[in-house]
Amino acid sequence: MGQDLISDPDAVAALERADALHTALSHIVLEGGDLAAIAEAVGDALGCGVVFTSTDGRERAAHLDDAQRDALATADLWDQTGRLRVERIDPDGTAVGDGEALVRRVVAAGVDLARLVALRPDGRIHASDVHALERAAIVAALLVTRVEAITAVENKYRGDFLRDVFLGRAGEDDYVAEHAQAFGWQLGRPVVVVVATLDPDAMAALHPGPEERRAWQDRFANAWRQVAAAADDSIASVAFSREVVTLVPLVPSSDVQAGHAAVDRIVEAVRGDRGGGRIAFSAGVSRVADGLGELPEAFRQAQRAVEIGRRVHGGGSVTRFDQLGLHRLLALVPDGAELTAFASDVLGPLAERTPEAADLRETLQVLLDTNFNVAEAARAQFFHYNTMRYRVGKLQRILGPVATDPHLRLDVAVALRALEIVG
């Protein structure tokens, strides 16, 4: 039996490939190579395409030709933002045209670090090659662990520096600009500040433990950094404890719409098709900050935009500070209790957190939106005309002559917005 195995040409060729790969990987480790070098070594030794991705499928390094990329695309394994749909590739092999792709986790000390995807477009991947891929995944894990340890320190240093910029304590503008250039950032240009946070409800629904929650936050921050760098490697993007902050430049510097379009492209790329274990997130976008001195206020604007946007529009929203309208003024009130008290004074029992009060508030908002046109409001809520008339009477018994008193109507409209702010 052993003699048969040795004389099997495919097995002999596979052993030779594995030996060549072992030699190549040893040189890469000794010479301090990177994932791109490992991908190239694996691809050359095994005669297949190789991609290293993040755990959710963002390409980190690859050894693929155009035909191999086309094969993956034809098999619907790339999403519209260029993410490799690793969750659709089976560890035991997934058909790709006349060939096969398979995936291996890159893991170190129980920590999920990356994915290794191999593609042979014209046949199945030999069992001995699978063992070689697993060896490559181990080497990649050592390299990624080393790189991420260094990156974590660098990212903390960068985050601390940008936080000082937002707090106005980073120093003079010339020093800040020079220090930022050491990170490869350009801060002294018109930018919009984007604050993005994972949606609490989306995370709570999955019941994560502390380690899993940290892993999600790290993956989210890495996604923003990677997508921002792909768009412009001079973009500053850092992670704070619960939010990711990215400074998106206006190109050209006078085109605000171009800046907003750039934000939309980055958000779309980070969000993708939400495969690979991605969590829903919300983002807030500031007004344009024309210089370093305006960054602290722009940061506060973006924070308010994401917080209010989530409350008003729900999770997964992207809210621009300039679109907040009245909410923007209400957000400037530092004491949420004051907003709650104002809403209670104006709305009375309608401010209560009960299903009946919420239902009447919805009718009240529709009436305000239709200028108290009872027929139009009834159609909007699919009520009979007489039912809406009854509701109008009930609302006026609670609030007063809201249908005819413009000052009272304004107070009621503001109180409804205040309730949205305080949640």
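Colleague: Why is Glu148 called partly exposed?
Modeller: Its relative accessible area is 29%. Buried means under 20%, exposed means over 50%, and partly exposed lies in between. So Glu148 counts as partly exposed. Keep in mind that this is a predicted model.

Colleague: What makes the contact of Glu148 and Arg60 a salt bridge?
Modeller: The N to O distance is 3.7 Å. The cut-off is a Lys or Arg side-chain nitrogen within 4 Å of a carboxyl oxygen of Asp or Glu. The pair therefore qualifies as a salt bridge.

Colleague: Which parts does the pair of Glu148 and Arg60 tie together?
Modeller: Glu148 sits in helix α5, residues 127–167. Arg60 sits in strand β2, residues 59–63. The parts tied together are 88 residues apart in sequence.

Colleague: Is Arg60 buried or partly exposed?
Modeller: Partly exposed, because its relative accessible area is 33%.

Colleague: How many salt bridges does a search of the whole structure find?
Modeller: It finds 23. One of them joins Asp129 and Arg120, with the closest N and O atoms 3.0 Å apart. Both of these residues are buried.

Colleague: What makes Arg304 buried?
Modeller: Its relative accessible area is 17%. Buried means under 20%, so Arg304 passes. Its side chain meets that of Glu297 in a salt bridge, 3.3 Å from N to O. Glu297 counts as partly exposed, at 32% relative accessibility.

Colleague: Why is strand β9 called largely enclosed by the rest of the structure?
Modeller: Because 7 of its 9 residues are buried. The strand covers residues 281–289.

Colleague: How do you know that β6 and β9 pair?
Modeller: They share 7 bridges, in the antiparallel sense. At least two are needed, so they pair. Val195 stands opposite Gly284 in β9.

Colleague: In which sense do β9 and β10 pair?
Modeller: In the parallel sense, over 3 bridges. Strand β10 covers residues 318–320. There, Thr319 is the bridge partner of Gly284.

Colleague: Which residues form a negative surface patch?
Modeller: Glu172, Asp173, Asp174 and Glu178. Asp173 is found in helix α6, residues 173–182.

Colleague: What makes Asp173 partly exposed?
Modeller: Its relative accessible area is 45%. That places Asp173 between the 20% and 50% limits, so it is partly exposed.

Conventions:
Residues are numbered from 1 along each chain as its sequence is written. This is a predicted model: local features need pLDDT of at least 70, side-chain atom pairs count only at pLDDT 80 or more; totals for chains, interfaces and linings use all residues. Side-chain values use heavy atoms; hydrogens and water are left out. Patches are made of residues with over 30% relative accessible area and no salt bridge: like charges are joined within 9 Å, nonpolar side chains (Val, Leu, Ile, Met, Phe, Trp, Tyr) within 5 Å. Accessible areas come from the Shrake-Rupley method with a 1.4 Å probe; for residues, only the protein chains shown count as cover. Lys and Arg count as positive and Asp and Glu as negative; His and the chain ends are not counted. The place of a charge is taken as NZ of Lys, CZ of Arg, CG of Asp or CD of Glu. Helices (H or I, at least four residues) and strands (E, at least two) are DSSP runs, numbered from the N terminus. Buried means under 20% relative accessible area, exposed over 50%, partly exposed in between (1.4 Å probe, protein chains only).
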